[in-house]
Amino acid sequence: MGETRQHDRSEGDDSRNTRTGSNTQSSEVADRVRAAREGLDPLHVPVMLDRIVELLAPALTEPGAVLVDGTLGLGGHAEALLKACPEMHLVGVDRDTSALERSAERLAPYADRTHFVHAVYSDLPEALEQAGVTGAQAVLLDLGVSSPQLDETDRGFAYAHEAPLDMRMDRTQELTAADVVNNYPVADLTRVLRVHGEERFASRIARAIERRRAQGPLDSTSELAELVREAIPAATRRTGGHPAKRTFQGLRIEVNAELSILEDALPAALSSLDVGGRIAVLSYHSLEDRMSKRALAALAKDTTPADLPVPLPDRQPEIRLLTRGAELPTDEENEQNPRARSARLRAAERVRAPSR
């Protein structure tokens, strides 16, 4: 999750004119975006904030409308939408208790419109039930690691800081990155680095870890980062950013079961949307984005058998895509917030009740 190229808003896109159908409605959305930005710390603006507000605000205008932020983090997106949509209620979900505490403090001015739930975002139905809500008008999933988790060096997410190999988003769970590094068989460790980290030198790195851990536990982020740097070819070290980036990504995804959780979370989030409700998903690496793309595309198709002469009502698309492909941050945002560079945004609107 991020706190702080141009969008292609042609066919299939939820642009200002095609979405609202009138200049008046377009102006209202623009006003909401401006209102959402008022008073925000310019150094801690969430990734693609304006576009998130633009996409979700139209579904949150009615009294009692519910936004489920499944990855609340610092609460930046939630705060902006609470400002932009004064009739909206927030169900803020996060697996990180520290994030919930910080967000509750940040969103204290909206205490009468907020409800916080400690849960994994794949458990959205249970979170809604706990909040006394039967459905949502908007869902936001801002995936990956949050800014506080990166900035709190003792959490072990960042290869640039000396820290224990932890990487747990939910510190009440047992499995840590040190457990993976020191206890996984080499074949499993290789799989984690290759599949989750998309690391082409996964086997070399896994064997180097095996040799090192024979001398004793490997439990330091800096030591692991240096080991990875030495394990890969010298020519590769000079390109593509920090050599340990993909290894740390792979370990983090494994520790937090991010992909399996996302696989369950996407259908849960989509099924929780009322007709007219909207979902926005911010991804930060290709594995997440591919999963989001598939989940949205599957519900955006007419599945009437090709040999039938007329479309079947219960086979019509359940959702309408609001973005054409994955939208990217603007060049200006990338310059201001390096953490936005890998962001990919997809959004959709429910147009038909889920098939049963």
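Visitor: Which residue in β4 stands opposite Val68?
Guide: It's Val139.

Visitor: And what makes strand β1 and β4 a pair?
Guide: Two strands pair if DSSP finds at least two bridges between them. Three bridges join β1 (residues 66-69) to β4, so the two count as paired. They run parallel. On β4 there is also a pairing with β5, again parallel, over six bridges, and there Ala136 stands opposite Leu273. The names come from DSSP runs numbered from the N terminus: helices are H or I with at least four residues, strands are E with at least two.

Visitor: Before we go on, what kind of model is this, and how are residues numbered?
Guide: It's a predicted model, with residues numbered from 1 along each chain as its sequence is written. Local features need pLDDT of at least 70 and side-chain atom pairs count only at pLDDT 80 or more, while totals for chains, interfaces and linings use all residues; side-chain values use heavy atoms, leaving out hydrogens and water.

Visitor: Why is β4 called largely enclosed?
Guide: Because seven of its seven residues are buried. Buried means under 20% relative accessible area, exposed means over 50%, and partly exposed is in between (1.4 Å probe, protein chains only). Helix α3 is mostly covered too, with seven of its eight residues buried. Among them are Arg51, Glu54 and Leu56.

Visitor: What makes something a nonpolar core?
Guide: It's a set of buried Ala, Val, Leu, Ile, Met, Phe, Trp, Tyr and Cys residues joined through side-chain atoms within 4.5 Å. The largest one here has 35 residues, and Leu56, Leu60 and Leu67 have the most contacts inside it. At least two of its residues come from each of α3 (49-56), α4 (76-84), β4 (136-142), β5 (273-283) and β7 (344-350). There's a second, separate core of 33 residues, including Leu143 and Ile261.

Visitor: Which residues does Leu67 contact, leaving aside its neighbours within four places in sequence?
Guide: Contact means heavy atoms within 4.5 Å. By that rule Leu67 meets, among others, Leu56, Leu60, Leu81, Met88, Val139 and Leu140.

Visitor: Why is the pair of Tyr159 and Phe248 called edge-to-face?
Guide: Rings of Phe, Tyr and Trp (its six-membered ring) pair if their centres lie within 6.5 Å; planes under 30 degrees apart are stacked, over 60 edge-to-face, and the rest tilted. These two rings have centres 5.5 Å apart and planes at 85 degrees, so edge-to-face it is. A search of the whole structure finds one aromatic pair. Tyr159 sits in the loop between α7 (147-151) and α8 (177-183) and Phe248 in helix α13 (residues 245-255), so the pair ties together parts 89 residues apart in sequence.

Visitor: Which of the two is buried and which is partly exposed?
Guide: Phe248 is at 4% relative accessible area, so it's buried. Tyr159 is at 26%, so it's partly exposed.

Visitor: What makes the link between Glu258 and Arg252 a polar contact?
Guide: A polar contact is a pair of N or O atoms within 3.5 Å; within protein, one must be able to donate a hydrogen and the other to accept it, and residues adjacent in sequence count only if both atoms are side-chain atoms. The two side chains make theirs at 2.8 Å, so the distance falls inside the limit. Glu258 is in helix α14 (residues 258-272) and, at 4% relative accessible area, is buried.

Visitor: Last one: how confident is the predictor, and where is pLDDT lowest among the elements?
Guide: pLDDT is the predictor's confidence in each residue, from 0 to 100. The protein's mean is 88, and 88% of its residues reach 70 or more. Where pLDDT is low, the predicted coordinates should not be read in detail.
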